[in-house]
Amino acid sequence: VDLCVERDIAKSGTIAQLVDRLLRWKENRSEDSDDSEEASPPARRRALSECSYESDTSTEDESPEAREPGESFRKKMHPDKVWAFRDGKDIYTGASKSHTKEYQVDHVIEIQVCKRAWEDLHYPNTRGQSAAADIINMVNNFNVTTKEINNYKHYPIQEFLKDQRRPLSEYVQVSKYWESTTNQSVWRKIEKAMKNSYADLKRETDRRQDEAEIFKLLRFVGQLEVMMRKMKVLH
């Protein structure tokens with residue numbers, strides 16, 4: 001029954017609300033059953049079955065590299081696959097593939113943001129991190145843009161992550177590159193793309209079914225939301 005309650009909590013509410021509700025529920029559960037023992041594996045599997053929720057018995061990677069937080073997020077995506085998904089356009093500039101020179105494949109929500117969100121949770125590298133890496137490396141979190149834009153996009157986000165005290169726009173404003181009207185328009189499209197990618201990550205998280213990963217994955221996406229609200233990309 002407890003597992004069914006966890007599953008119901010995981011399927012309801014926004015990500016931020018979910019984290020609070022889940023922690024409160026686990027606190028109350030702990031107070032009510034301090035002396036109780038964990039359900040035996042057969043009983044646990046039966047409970048999961050009653051919730052239409054399958055357990056996964058595979059083991060976690062225990063290598064030293066795997067246990068280091070934030071080191072397994074980046075995955076490559078072939079540019080042709082991204083061009084096809086984006087209908088042959090750079091979503092930051094609107095330019096077609098033929099008009100985009102020296103292009104690079106870019107994570108819309110950057111890997112540096114995802115690493116920091118994971119590290120802020122103080123989790124080791126577990127199957128939860130593997131699931132997080134899967135969703136941030138979906139094709140809808142990629143864009144193909146110029147090398148120049150990709151480089152200048154990186155800087156204000158990097159500066160924001162040093163203290164997270166000011167909106168991302170303030171770090172953009174101090175960069176001469178983003179001063180021009182044309183580039184300001186590009187930056188607005190970048191922020192819109194980040195918002196849309198976050199919505200896609202959230203939807204993908206809602207579809208996940210694996211008990212071993214879902215709670216850490218939900219907290220990860222919740223932490224991303226917290227950071228993007230600090231950026232003022234989400235309002």
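User: Happy to dig in! What should I know about the model and its numbering?

Analyst: This is a predicted model, where local features need pLDDT of at least 70, side-chain atom pairs count only at pLDDT 80 or more, and totals for chains, interfaces and linings use all residues. Residues are numbered from 1 along each chain as its sequence is written, and side-chain values use heavy atoms, leaving out hydrogens and water.

User: Why are α10 and α11 called roughly antiparallel?

Analyst: Helix α10 (residues 181–207) and helix α11 (residues 211–231) pack at an angle of about 160 degrees, with axes 10 Å apart. Angles over 145 degrees count as roughly antiparallel, so this pair is roughly antiparallel. Their crossing is left-handed, meaning that the near helix is turned anticlockwise from the far one by less than a right angle.

User: Which residues make the contact between α10 and α11?

Analyst: Contact means heavy atoms within 4.5 Å. Among the residues involved are Tyr198, Leu201 and Thr205 of α10, and Leu217, Leu218 and Val221 of α11. The residues of this contact divide into nine nonpolar, one polar and three charged.

User: What makes Thr205 count as buried?

Analyst: Buried means under 20% relative accessible area, with a 1.4 Å probe and protein chains only. Thr205 has 1% relative accessibility, so Thr205 counts as buried. Leaving aside neighbours within four places in sequence, Thr205 is in contact with Ile135, Leu217, Leu218 and Val221.

User: How much of the protein counts as buried?

Analyst: Of its 235 residues, 44% count as buried.

Note on methods
Axes fitted to C-alpha atoms, helices over the stretch in contact; angles between N-to-C directions. Helix = DSSP H or I, 4+ residues; strand = E, 2+ residues; numbered from the N terminus. Parallel < 35°, antiparallel > 145°, perpendicular 65-115°, else oblique. Nonpolar A, V, L, I, M, F, W, Y, C, P; charged D, E, K, R; others polar. Buried < 20%, exposed > 50% of the residue type's maximum accessible area, 1.4 Å probe, protein only.
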